[in-house]
Amino acid sequence: MESNERFDEVDAWQTLIFLYNSALKRMNTKIEILNDEFLHIHNYNPIEHVKSRIKSAESIVKKLKRHHYDVTLDNMVQHLNDIAGIRVICSFTTDIYTIAEMISNQRDVHVIQIKDYIANPKPNGYKSYHMVVSIPIYLSDGPVDTKVEIQIRTIAMDFWASLEHKIYYKFEGNAPEHIRTDLKECADIVEMLDARMLSLDQSIQKYRATYFTSHLEEAKELLPQQENSDDTEYLHQDNSKTNRNLNQSSAS
């Protein structure tokens, strides 16, 4: 009896992991298509790269215990939003909100939760935009809504967050005060860097628009002369035809 129950638990676990993997595939495909569409329309690629992962069984158990939940599959599904995770890395802070809006506008994507750590950074300086969404996975017996956490951040934010995680892991979450202070100062530098890079990009876009407009005006100055010359030529040809027709009518 116990072996049958154990088998059922393993089977249920494998089914859940299959669902989360399928959800990652669907969301990755959606994000890739949205990026390609943005590139096609605006000639600009807002996404640098995308990472995805399924939380390990060990991490799932630790998180459930840390939040004082019994380690069960039901609690895992109900209380953990980041079992399936996608991280979208983009160039500028404005891209973050553009990507989030494009994802939210997908008809079969339901936004469950948003945490904007860019507008409201964590005390340690962490910045990122988090979305928890659900997406239907269509199985043979019908759709199953499955949760995916999406983190959207700039290259600089991702660089800081990755190193901060490694440093804290070495101290098992209890880093000395001077380490925490230095990390916060680095987060402030990252924020300034993102702001400077965004300002630089906006200046480049403004310059390109001005350059294009000025050259377009120069081109327009040449067009009327060419058009008048063509019109005169067509008019001359039409008049010649008219005169020939009149002469033929008079002769007859």
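**Entry 1. A salt-bridge network**

I looked up linked charged side chains and found that Lys51, Arg87, Arg153 and Asp158 are joined in a network of salt bridges. I counted a salt bridge where a side-chain nitrogen of Lys or Arg lies within 4 Å of a carboxyl oxygen of Asp or Glu. The model is predicted, so I note that local features need pLDDT of at least 70 and side-chain atom pairs count only at pLDDT 80 or more, while totals for chains, interfaces and linings use all residues. Residues are numbered from 1 along each chain as its sequence is written, and side-chain values use heavy atoms, with hydrogens and water left out.

Asp158 belongs to helix α5 and Lys51 to strand β1, so the pair ties together parts that are 107 residues apart in sequence. Helices (H or I, at least four residues) and strands (E, at least two) are DSSP runs, numbered from the N terminus. Asp158 is buried, with a relative accessible area of 7%, whereas Lys51 is partly exposed at 37%. For these terms, buried means under 20% relative accessible area, exposed over 50%, and partly exposed in between (1.4 Å probe, protein chains only).

**Entry 2. Other salt bridges**

I searched the whole structure and recorded 11 salt bridges. One of them joins the side chains of Arg26 and Asp108 at 2.8 Å, N to O. Arg26 sits in helix α1 (residues 2-42) and Asp108 in the loop between α4 (93-104) and β3, so this pair ties together parts that are 82 residues apart in sequence. I find Arg26 partly exposed, with a relative accessible area of 26%. Asp108 is also partly exposed, at 24% relative accessibility.

I then turned to Asp82 and Lys55, whose side chains meet in a salt bridge at 3.2 Å, N to O. Asp82 lies in the loop between α3 (73-79) and β2, and Lys55 in the loop between β1 and α2, so the pair ties together parts that are 27 residues apart in sequence. Asp82 counts as buried at 9% relative accessibility, and Lys55 counts as buried at 16%.

**Entry 3. The largest pocket**

Which residues lie nearest the centre of the largest pocket? They are Lys55, Lys63, Arg66, Asp82 and His165, out of 41 lining residues. The elements giving two or more residues to this lining are β1 (47-54), α2 (57-66), β2 (84-90), β3 (110-116), β4 (129-139), β5 and α5 (155-170). I note that α5 gives the most, with 8 residues. The pocket has a volume of about 1800 Å³.

My criteria were these: on a 1 Å grid over the protein atoms alone, a cavity is a set of points where a 1.4 Å probe fits but cannot get out, and a pocket is an open set with protein on both sides within 12 Å along at least five of seven lines; lining residues have an atom within 4 Å of a point. Grid points are joined across faces, edges and corners, and a volume is the space filled by probe spheres set on the points.

By class, I recorded 12 nonpolar, 13 polar and 16 charged residues in the pocket lining. Ala, Val, Leu, Ile, Met, Phe, Trp, Tyr, Cys and Pro count as nonpolar, Asp, Glu, Lys and Arg as charged, and the others, Gly among them, as polar.

**Entry 4. Glu149**

I located Glu149 in strand β5 (residues 142-154). Glu149 is buried yet has no salt bridge; the nearest side chain of opposite charge, Arg53, is 4.8 Å away. Lys and Arg count here as positive and Asp and Glu as negative; His and the chain ends are not counted. Leaving out residues up to four places away in sequence, Glu149 touches Asn81, Asp82, Ala84, Gly85, Ile86, His130, Met131 and Val132. Contact means heavy atoms within 4.5 Å.

**Entry 5. The cavity**

My search of the whole structure gave 1 cavity of 30 Å³ or more. The largest cavity has a volume of about 40 Å³, and Gly125, Lys127, Met157, Trp160, Ala187, Val190 and Glu191 line it. The elements giving two or more residues to this lining are α5 and α6 (177-251). Of the elements, α6 gives the most, with 3 residues.

**Entry 6. Overall layout**

I recorded 6 helices and 5 strands in the protein, in the sequence pattern α-β-α-α-β-α-β-β-β-α-α. Of its 252 residues, 32% count as buried.
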